[in-house]
Structures are given as C-alpha cells and as structure tokens.
Amino acid sequence: MSWLLRDSEVLAAVEDRRPGWQASLQGVMVLHGPTLVQTLTPGDARALDVAWWVPAVLEGDRVALRVQRIKVVGRRRVLSPRLGAGGLVVATAGTFERWRLHVGDCLEVRGE
C-alpha cells in the first residue's frame with residue numbers, strides 16, 4: 001500500500017484506479033499524465049477536490065509532487081482533460097481543506 005505524505009506527515013492511503021472510482025473514493029488517487037476527471041457517475045456521485053501537480057526534486061534527490069492549482073469539482077461536472085507533464089491528486093470534497101493543502105506544497109508518495 002502506498003501513502004501520500006507532506007513533510008513526513010501521512011495524509012492518506014493512495015488508492016488504485018478502478019471503474020467507478022469517483023463514486024467510491026475513500027482515500028486519495030494520484031493520477032499521472034493525461035487525465036479526465038468527471039463526477040457524472042450515476043448513483044452516489046459526489047464533489048471532488050482536485051490538485052494539479054508537476055514533478056519536483058527535494059533534498060536527497062527525492063521526487064515530489066508540487067501542487068500548482070487546487071479546485072473543487074461539484075457534482076455532475078467534467079474537468080477539461082489534463083494534458084502535459086505532471087498529473088492530478090483527487091480526493092473527496094473537503095479533504096484538502098482538512099489537510100490545509102496550498103499551492104506550492106510538495107507531496108510525496110511512499111511505499112510503492
């Protein structure tokens with residue numbers, strides 16, 4: 001199991017991508033490369049927190065995810081596809097507020 005960390009603080013378990021993940025997300029998803037995020041899933045569709053990230057290098061040559069932008073995606077919405085370097089961190093709405101996540105924060109995935 002992998003974990004998402006900020007400054008050695010564990011924020012959440014990283015889940016594997018699977019069909020219908022938007023409706024049943026319990027932890028956090030770290031998506032790489034071109035990605036489409038939508039909250040159109042029938043049934044228990046819910047709002048999502050989305051953070052765009054780009055790769056960054058920390059001391060000791062550790063690779064991190066530097067947050068560039070944060071947005072809440074409401075129910076029944078589709079984000080423009082994410083193209084280019086980096087990817088997305090996705091969690092249920094309200095998660096980033098609880099974490100006090102800000103643009104410029106560096107996140108790490110450990111335990112892969």
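The legends below describe an overall view and several close-up views of one predicted model.

View 1. Along the sequence the elements follow the pattern β-β-α-β-β-β-β-α-β; helices (H or I, at least four residues) and strands (E, at least two) are DSSP runs, numbered from the N terminus. The protein has 112 residues, of which 46% count as buried. Buried means under 20% relative accessible area, exposed over 50%, and partly exposed in between (1.4 Å probe, protein chains only). Among contacts (heavy atoms within 4.5 Å) between residues at least 6 apart in sequence, 63% join residues at least 24 apart. Residues are numbered from 1 along each chain as its sequence is written, and side-chain values use heavy atoms, without hydrogens or water. Because the model is predicted, local features need pLDDT of at least 70 and side-chain atom pairs count only at pLDDT 80 or more, while totals for chains, interfaces and linings use all residues.

View 2. Side chains of opposite charge can pair when their charged atoms come close. A salt bridge here is a side-chain nitrogen of Lys or Arg within 4 Å of a carboxyl oxygen of Asp or Glu, and the whole structure has four. E108 forms one with R62, with the closest N and O atoms 3.0 Å apart. E108 lies in strand β7 (residues 106–110) and R62 in the loop between β4 (48–57) and β5 (63–73), so this pair ties together parts that are 46 residues apart in sequence. The side chain of E108 also meets that of R110 in a salt bridge, at 3.2 Å from N to O. E108 is buried at 7% relative accessibility, whereas R62 is partly exposed at 36% and R110 is partly exposed at 34%.

**View 3. A network of R6, E9 and D105.** Salt bridges link these three residues, R6, E9 and D105, in a network. Between E9 and R6 the closest N and O atoms are 3.8 Å apart. R6 is buried, with a relative accessible area of 12%; E9 is partly exposed at 43%.

View 4. The search of the whole structure finds one aromatic pair. The ring centres of F96 and W99 are 5.5 Å apart and the planes are at 35°, so the pair is tilted. Rings of Phe, Tyr and Trp (its six-membered ring) pair if their centres lie within 6.5 Å; planes under 30 degrees apart are stacked, over 60 edge-to-face and the rest tilted. F96 and W99 are three residues apart in helix α2 (residues 95–99), about one helical turn, and both are buried. Elsewhere, the charged end of R69 sits over the ring of W52, 4.2 Å from its centre; this requires NZ of Lys or CZ of Arg within 6 Å of the ring centre and within 35 degrees of the ring normal.

**View 5. The largest nonpolar core.** A nonpolar core is a set of buried Ala, Val, Leu, Ile, Met, Phe, Trp, Tyr and Cys residues joined through side-chain atoms within 4.5 Å. The largest has 16 residues, and L4, V28, V89 and L107 touch the most other members. Strand β2 gives the most to this core, with three residues.
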